Amino acid sequence: MANDPLYILLCSGEHEKIQMAAMMASVGAVSERPVEVFVSMNAVLAFTKGSAPEERYRGGTFSDLLKAKNAPDAMTLFRQGKELGDLKMWACSMALDVQGWELDRLEDDLFDGTLGLTKFLSDAENGQFITL
Amino acid sequence: MADQLLDVKGLNCPLPILKAKKALKAMPMGATLEVVATDPGSVKDFEAFCRTTGNELIESKAEDKLFTFVIKHTA
């Protein structure tokens with residue numbers, strides 16, 4: 001079925017926004033909708049390889065509730081989206097550069113590579129664009 | 001009687017949909033999957049999921065806060 005691609009620009013490091021991005025990306029992907037996620041700014045830090053959940057996820061009231069209720073981990077949701085559908089994830093090349101990081105500092109099996117914002121915005125002209 | 005049963009009671013969005021997709025992916029075309037959920041949002045979610053993926057929602061019923069769906073793997 002022809003479904004418009006979904007482009008998610010994730011730049012917040014807030015747990016609630018990362019969780020919502022993971023939910024949208026995974027549900028979109030399993031609903032036969034191509035999804036691309038561009039991760040930049042503080043959001044990059046949440047994808048640090050090997051972080052414990054308490055370091056990875058910082059937020060407000062709903063972050064506490066998500067942890068207390070054992071909501072599915074955002075990294076797991078992103079992985080399931082990639083496993084079950086057409087989900088691509090890109091790390092912002094600028095954000096990695098200012099951190100002095102290479103892609104291998106981020107969680108394994110999530111990112112398809114690094115990308116510049118210009119290319120992502122250009123690709124996104126053909127779909128629905130969401131910023132978190 | 002469906003070919004396979006998926007119990008997602010106690011799980012919230014988006015896990016019922018993700019688990020249903022995973023189960024369907026492993027099933028042959030034409031096979032049926034019965035999903036039992038407790039998330040009230042799953043009623044509209046499974047309608048939308050079947051509409052967008054092209055799978056057929058054969059049955060959807062609510063009984064005593066239990067929601068049961070039968071999906072035919074057609075896409």
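What follows is a short chat about the sheets, the interface and the salt bridges in this predicted model.

User: Before we start, what are the ground rules for numbering and confidence?
Analyst: Residues count from 1 along each chain as its sequence is written, and chains are lettered from A and ligands numbered from 1 in the order in which they are written. The model is predicted, so to speak of a local feature takes pLDDT of at least 70 and side-chain atom pairs count only at pLDDT 80 or more, while totals for chains, interfaces and linings use all residues, and side-chain values use heavy atoms, with hydrogens and water left out.

User: What makes E1 and E3 of chain B edge strands?
Analyst: Chain B has an open, mixed sheet of four strands in the order E1-E2-E4-E3. Strands here are DSSP runs of E with at least two residues, helices are runs of H or I with at least four, and both are numbered from the N terminus. Two strands pair if DSSP finds at least two bridges between them. E1 (4-8) and E3 (56-63) of chain B each have a single partner strand, so one side of each has no neighbour in the sheet. From one strand to the next, the twist averages 15°.

User: How do you know that E3 and E4 of chain B are paired?
Analyst: The cut-off is at least two bridges, and E3(B) and E4(B) (residues 66-72) are joined by seven, running antiparallel. So by the definition they pair. Within that pairing, B:Lys61 sits opposite B:Thr68.

User: What makes you say H2 of chain B packs on the sheet?
Analyst: Contact means heavy atoms within 4.5 Å, and H2 (residues 42-53) touches E2, E3 and E4 of chain B. Its direction makes about 10° with that of E4(B). Axes are lines fitted to C-alpha atoms (for helices, over the stretch in contact), with angles from 0 to 180 degrees between N-to-C directions. H1(B), residues 15-25, lies across E1, E2 and E4 of chain B, at about 160° to E1(B).

User: Why is the sheet in chain A called parallel?
Analyst: Its five strands, in the order E4-E3-E2-E1-E5, form an open sheet with parallel pairing. One case is E1(A) (residues 6-10) with E5(A): four bridges in the parallel sense, against a cut-off of at least two, so the two strands count as paired. A:Leu6 has A:Gln128 in E5(A) as its bridge partner. Helix H1(A), residues 15-30, touches E1, E2, E3 and E5 of chain A and makes about 165° with E1(A). H5(A), residues 74-84, lies across E1, E2 and E3 of chain A, at about 130° to E3(A).

User: How do you know how much area chains A and B bury between them?
Analyst: Buried area is the accessible area (1.4 Å probe) that two parts lose on being put together, summed over both. For this pair that comes to about 1200 Å², 67% of it on carbon and sulfur atoms. The contact takes 13 residues from chain A and 13 from chain B.

User: Why is B:Lys21 with A:Glu32 called a salt bridge?
Analyst: The rule wants a side-chain nitrogen of Lys or Arg within 4 Å of a carboxyl oxygen of Asp or Glu. The closest N and O atoms here are 2.4 Å apart, so the pair qualifies.
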